[in-house]
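Hi,

Here is the structure I promised to pass on.

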Amino acid sequence: MQPPVSLPPTDDVYRMADLALFAAGENTVLAYSRATQQVQTLRTDIVDLLAQCREFKTLDEHIQSYCRGRQASLATMRSMRRSLQQLAEQGFLVSRRSSLEQLHEPPAPLIPSRIASIGFPTCGRVATLQRGMTSFLEHCRRFGRSHDLVVVDDSRDPDTQRAYREMLAQLQDEYGFACAYAGPEEKQAFAERLASAGDLPLDVVQFVCVGSPEYGVTTVGANRNALLLHTIGDIIFSADDDIICRPAIAPDLRPGLRLHSRRNPLDVWVFPNREAAIVAAERADDDILALHEQWIGADIQSCLAQSAGDPLAIDESDPRFLRRLEQRSGRIGLTLNGSLGDCSWDNPHFFLFQRGTTFQRLTQSEQTYEAARGSREMVQAVTQVTLAEHADPMFAMCMGLDNRELLPPFTPLGRAEEVGFGALLSRCFDRRYALHLPWTLLHAPTDARGFSAQAMFSLGLGNLIPSLVNQFDPGFAQSAVDRLDKLGRHIEEMGRLPQHSFAEYMRLHIMENMSALIASLEERLHAREAPPAFWVQHARSVIAQAREHAVAPVEQLYTLPGGHEGMQRLLLRYGQSLQWWPAIVEAARSLRAQEQRLAQPV
């Protein structure tokens with residue numbers, strides 16, 4: 001083994017800047033820095049060295065890492081050091097110190113936003129909702145808060161609808177909060193008023209805010225869209241009917257602001273049962289709604305100003321994200337707290353894809369790992385206030401929404417409606433960010449739940465839409481309205497494809513997803529630090545399943561009736577709904593100005 005070579009030290013750490021690289025022939029590459037707009041012609045060996053500088057390290061550490069396993073002389077390493085130093089001076093490497101200097105702002109007064117309404121999507125669970133709403137009302141009473149309460153219900157049974165109204169009237173009398181209710185009749189009537197007021201296609205409006213109950217799957221996304229239309233112009237908080245307002249502090253809480261560019265910023269702690277999770281989480285003596293109000297609707301400059309004097313963690317943020325934040329444009333459109341209790345997802349292979357401290361906790365031993373795989377009771381939260389570049393994936397169980405300006409719609413039909421919302425927010429609203437708070441609320445469904453036994457990969461609107469959105473190229477479309485329109489037209493065209501062409505697209509879509517999943521696991525299997533043998537066994541079994549699904553008949557993977565034809569009908573309607581959504585929102589805004597709203601007082 002080659003002994004370590006002592007190189008002149010540096011007191012700062014660097015990583016590759018936001019670059020575009022183009023082959024230029026004869027072992028050269030054109031490197032363009034988006035931050036400084038400089039262009040350099042570099043040798044391919046220098047580009048190889050530059051490309052491995054993905055994390056903040058000293059120049060010496062980058063060179064030692066690059067040369068590990070290679071035969072490199074001291075003269076070669078000194079030459080590499082000079083090259084990296086020049087690249088840093090030219091803006092092709094960026095230092096942590098300079099990034100922090102660009103982002104830090106002097107303290108500035110921040111006026112918290114006010115949550116106007118608390119909304120509760122629900123369906124057929126009167127007693128569960130009463131328990132959850134009572135917990136929020138007691139919380140508001142304790143902290144001297146006053147809000148309108150809005151319930152949006154998908155129940156089809158008239159007796160259940162009547163029971164909701166009676167329960168809300170009882171809570172209104174007891175606590176003095178104004179309560180409004182929207183069931184299927186109220187949503188249908190409002191859809192007709194919207195269509196008339198905005199000269200909109202009624203079938204599209206109905207699909208967005210009423211859904212399509214004939215498919216026999218949840219229409220909670222349409223419920224959430226109805227809540228957005230009722231509260232247009234307000235900042236709101238939304239909680240699912242089985243959320244209990246019992247704030248707790250996330251484990252390992254740290255001060256400061258964290259900037260995050262990866263897909264999921266949450267840490268996970270798994271417990272054998274709900275009681276153990278509750279005992280482990282320290283109860284917070286905080287007003288959870290005020291914690292959301294501190295950030296929701298705030299502009300980026302105010303967010304960065306709030307972090308002045310506290311640690312600003314940037315190691316998990318991409319250079320492009322930092323560059324956007326340095327421009328001080330954009331605001332927080334979505335705030336999310338964590339959850340304690342039932343995990344709310346069905347994927348039994350979730351733990352395979354965890355990283356960092358979560359992975360270390362889960363793989364302490366085979367017994368720990370197997371116990372975690374069988375439990376749905378956990379804490380899912382960030383450990384630090386986290387500004388996220390990507391709003392997906394996310395959990396919509398409890399969230400703050402800045403509904404004063406246009407937000408994207410939720411996927412109206414099926415599960416994972418919030419993932420589609422998050423994908424749209426990230427892709428079409430490039431100046432609206434999500435912020436995660438290191439506090440949790442209790443998710444306590446009253447029914448017994450287990451992980452789904454369905455196929456590892458299935459085809460439903462909820463999981464197809466995020467994939468389509470993430471593949472979408474907005475081109476030169478700048479506004480959110482233009483991007484939604486362009487994306488909607490693209491998805492509508494997919495709905496009109498000849499069936500054989502659509503079937504081929506879906507086959508390729510499945511193989512692409514399975515290939516990406518397999519590649520991700522294979523990378524972990526061959527990592528320098530080998531994962532434990534029990535994790536390897538689990539990963540290899542999932543890879544084998546993925547290969548089977550990649551060649552299975554596509555028709556077997558649809559979660560809704562109708563196969564290819566049924567999915568195309570849904571994509572056609574969804575694409576149209578994206579194109580019409582801004583006009584639907586503006587019609588709702590106009591009706592509200594006339595004091596016409598979707599939910600009605602009880």
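Before the rest, some housekeeping. This is a predicted model, where local features need pLDDT of at least 70 and side-chain atom pairs count only at pLDDT 80 or more, while totals for chains, interfaces and linings use all residues. Residues are numbered from 1 along each chain as its sequence is written, and side-chain values use heavy atoms, with hydrogens and water left out.

**Rings**

The structure holds 11 aromatic pairs (rings of Phe, Tyr and Trp, the last by its six-membered ring, with centres within 6.5 Å; planes under 30 degrees apart are stacked, over 60 edge-to-face, the rest tilted). One of them is Phe-136 with Phe-237: the centres are 6.0 Å apart and the planes at 50°, so this pair is tilted. Phe-136 sits in helix H5 (residues 126-142) and Phe-237 in strand E9 (residues 235-239), so the pair ties together parts 101 residues apart in sequence. (Helices, H or I with at least four residues, and strands, E with at least two, are DSSP runs numbered from the N terminus.) Phe-136 is buried at 2%, and Phe-237 is buried at 0%.

Back to Phe-359: its ring and that of Trp-535 have centres 5.9 Å apart and planes at 85°, so they are edge-to-face. Trp-535 is buried too, with a relative accessible area of 0%. The charged end of Arg-524 also sits over the ring of Phe-359, 4.7 Å from its centre (the cut-offs: NZ of Lys or CZ of Arg within 6 Å of the ring centre and within 35 degrees of the ring normal).

**Charges**

A search of the whole structure finds 36 salt bridges (a side-chain nitrogen of Lys or Arg within 4 Å of a carboxyl oxygen of Asp or Glu). One of these joins Asp-285 and Arg-142 at 2.1 Å, N to O. Asp-285 lies in the loop between helix H10 (274-280) and helix H11 (288-293) and Arg-142 in helix H5, so the bridge ties together parts 143 residues apart in sequence. Both Asp-285 and Arg-142 are exposed.

Another salt bridge links Arg-162 and Asp-159 at 2.6 Å, N to O. Those two are three residues apart in helix H6 (residues 158-175), so about one helical turn separates them.

Cheers

How values were computed:
Buried means under 20% relative accessible area, exposed over 50%, partly exposed in between (1.4 Å probe, protein chains only).
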